[in-house]
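Me: I have a model open and I'd like to learn how to read it. Could you take me through it feature by feature?

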Amino acid sequence: MINFQRVSCINGTVPLLPSLVSAEELCSTCKFVEDGEERVVVGSLDLNQCLWLPDELTGKRPGVNESSHTRAYLSNVCVAKELQRNGLGYALVDKSKKLAREWGITDLYVHVAINNEAAQKLYNKCGFVYESEEPAWKARFLGRPRRLLLWLDLKKDALWRMSSA
């Protein structure tokens with residue numbers, strides 16, 4: 001893809017059991033076999049490291065003189081409704097933070113709908129802080145709910161993790 005340095009899709013899966021849902025109701029792209037066991041994707045997110053990211057995606061931090069190569073953006077974050085508030089979203093974001101650090105990322109960004117309080121709580125629990133808010137006119141023009149841009153300083157997050165271990 002143009003302007004992308006790296007992209008990784010991180011999935012959360014569970015064994016496909018008859019008690020979950022009938023297999024016919026699941027989309028075929030969500031099902032797969034691993035080590036002989038049928039599994040289904042129940043959560044996912046994309047970690048995007050781009051050669052260049054606009055301020056809309058990356059905000060103003062760490063600063064205009066810093067390289068955008070050390071910034072990344074989470075997108076397409078989702079968890080099956082039946083499994084929300086069970087730690088899967090936290091685990092997906094945590095995995096993305098670890099991978100981002102391996103890539104040399106220092107600043108991680110994510111957008112969240114202003115009315116999605118559950119997602120905001122998840123990102124706050126994961127260490128993200130408020131960066132900015134999308135103007136109402138822009139959201140109306142694009143036909144979507146207003147969004148908040150949240151930021152995580154992975155350098156500080158890593159230090160916090162080491163000190164609390």
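Me: Which helices and strands each supply at least two residues of the lining of the largest pocket?

Reply: Rolling a probe the size of a water molecule over the atoms shows where empty space is left. Here, strand E4 (71-79), helix H2 (88-102), strand E5 (107-113) and helix H3 (117-125) each supply at least two lining residues, and E4 gives the most, with 7. A pocket is an open set of points on a 1 Å grid over the protein atoms alone, where a 1.4 Å probe fits, with protein on both sides within 12 Å along at least five of seven lines; lining residues have an atom within 4 Å of a point. Helices (H or I, at least four residues) and strands (E, at least two) are DSSP runs, numbered from the N terminus. This is a predicted model, where local features need pLDDT of at least 70, side-chain atom pairs count only at pLDDT 80 or more, and totals for chains, interfaces and linings use all residues. Residues are numbered from 1 along each chain as its sequence is written, and side-chain values use heavy atoms, with hydrogens and water left out.

Me: How many residues line the largest pocket, and which lie nearest its centre?

Reply: The lining has 26 residues, with Val 79, Gly 89, Ala 118, Ala 119 and Leu 122 nearest the centre.

Me: Where is pLDDT lowest and highest among the elements?

Reply: Where pLDDT is low, the predicted coordinates should not be read in detail. pLDDT is the predictor's confidence in each residue, from 0 to 100. Helix H1 (residues 55-58) has the lowest mean, 54, while H3 has the highest, 96. The chain averages 80, and 73% of the residues score at least 70.

Me: What follows H2?

Reply: Gly 104, with a positive phi near 90°. Thr 106 sits in the loop between H2 and E5.

Me: Why does Thr 106 count as buried?

Reply: Because its relative accessible area is 17%.

Note on methods
Buried means under 20% relative accessible area, exposed over 50%, partly exposed in between (1.4 Å probe, protein chains only).
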